[in-house]
Amino acid sequence: MAQIYEGMFVLDNEVVRAGWDAAKQQVTGLIEKHGGEVKTARHWGERKLAYKINNRSRATFLLSFFTMPGDNIPAFTRDLEINETVMRYLQLQVDELPEGEEAEAAKETGGEFSVPEPPRDEVGTYTLWGDEEEESARRDGRDGRKTSSSSDDKAESKDDDAKGESKDADKAESKDDAKAESTDSTETEEKQEA
Amino acid sequence: MASRPKRGRGDRKLAPAKPVTLDAPCDYKDLEFLIKHLGPQGQIRSRQRTGYGAQDQKSLKKAIKRARHLALLPFVG
């Protein structure tokens with residue numbers, strides 16, 4: 001039995017704009033070219049990157065599980081390096097296909113699936129949560145979130161304090177906002193240094 | 001000369017290392033989990049802070065470094 005691999009590919013948004021299927025085909029085509037069999041391949045989100053790659057600060061992620069004879073891997077990775085659509089890749093050996101992965105990937109083959117056009121490169125700022133919308137959704141949901149006792153993280157304990165201090169949700173929110181702003185400013189400083 | 005008690009950051013007490021074990025190795029895609037183990041500048045939290053054993057800390061380290069490679073997480077700096 002051929003080894004199963006998990007591949008995460010960071011794709012150039014310029015290519016994704018032209019069409020998601022074509023962009024996906026570039027990767028799956030490469031896998032098949034080297035004697036691999038694509039088990040699943042799906043869109044894993046479009047997000048702001050933590051740092052620029054090839055002068056791009058946004059990119060689309062493609063998560064794929066595939067089998068391939070081990071001898072063909074070096075040639076495959078070489079082709080990935082040459083390919084300009086794939087800006088980064090990560091390839092790991094896995095024991096088996098994760099549960100639910102096939103169902104997730106099957107959603108893409110349905111007629112209703114469509115990938116929204118990626119925003120312009122400069123839109124948005126990087127947050128650890130990937131997207132400003134997600135960040136704000138998280139922020140809203142934080143008050144109701146259960147905190148795990150296992151974490152020793154400082155930020156976590158700060159949140160706990162904010163929660164314990166006041167039942168006033170507005171107060172807690174403004175605190176979070178201030179925190180978010182401060183992280184933003186440090187990020188820009190870093191960029192300037194770079 | 002008798003040394004004065006340390007002041008400043010070195011004085012800060014670490015959280016007591018509670019033994020924590022993970023059910024499964026960390027996944028680089030689970031960013032919500034990984035972020036809990038990062039410092040303000042994106043440093044990986046030490047074993048004393050996370051409370052993990054050698055195996056778990058190693059899997060955490062690997063997952064964070066994989067996420068950094070894909071620009072999902074920032075490098076320290």
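Modeller: A nonpolar core is a set of buried Ala, Val, Leu, Ile, Met, Phe, Trp, Tyr and Cys residues joined through C-beta atoms within 7 Å, where buried means that 20 or more other C-beta atoms, placed from the backbone, lie within 10 Å of the residue's own. This is a predicted model, in which local features need pLDDT of at least 70, side-chain atom pairs count only at pLDDT 80 or more, and totals for chains, interfaces and linings use all residues. Residues are numbered from 1 along each chain as its sequence is written, while chains are lettered from A and ligands numbered from 1 in the order in which they are written.

Biologist: How many residues does the largest nonpolar core have?

Modeller: Residues with the most contacts inside this core include Phe9(A) and Ala63(B). Among the elements that give two or more residues to the core are β1 of chain A and α3 (54-69) of chain B. The core has 38 residues.

Biologist: What is the strand order of the open sheet in chain A?

Modeller: Strands are DSSP runs (E, at least two residues) numbered from the N terminus, and two of them pair if DSSP finds at least two bridges between them. The edge strands, each pairing on one side only, are β2 (37-53) and β4 (86-94) of chain A. With antiparallel pairing, the order is β2-β3-β1-β4.

Biologist: Which residue in β3(A) stands opposite Ile4(A)?

Modeller: In chain A, strand β1 (residues 4-11) and strand β3 (residues 56-67) pair in the antiparallel sense over eight bridges. Opposite Ile4(A) stands Thr67(A).

Biologist: What average pLDDT does chain A have?

Modeller: The predictor's confidence in each residue, pLDDT, runs from 0 to 100, and over residues 143-175 of chain A it is below 50. In chain A, 64% of the residues score at least 70, and the average is 76.

Terms used:
Helices (H or I, at least four residues) and strands (E, at least two) are DSSP runs, numbered from the N terminus. A residue is buried if 20 or more other C-beta atoms lie within 10 Å of its own, exposed if 12 or fewer, and partly exposed in between; C-beta atoms are placed from the backbone. Two residues are in contact if their C-beta atoms, placed from the backbone, lie within 7 Å.
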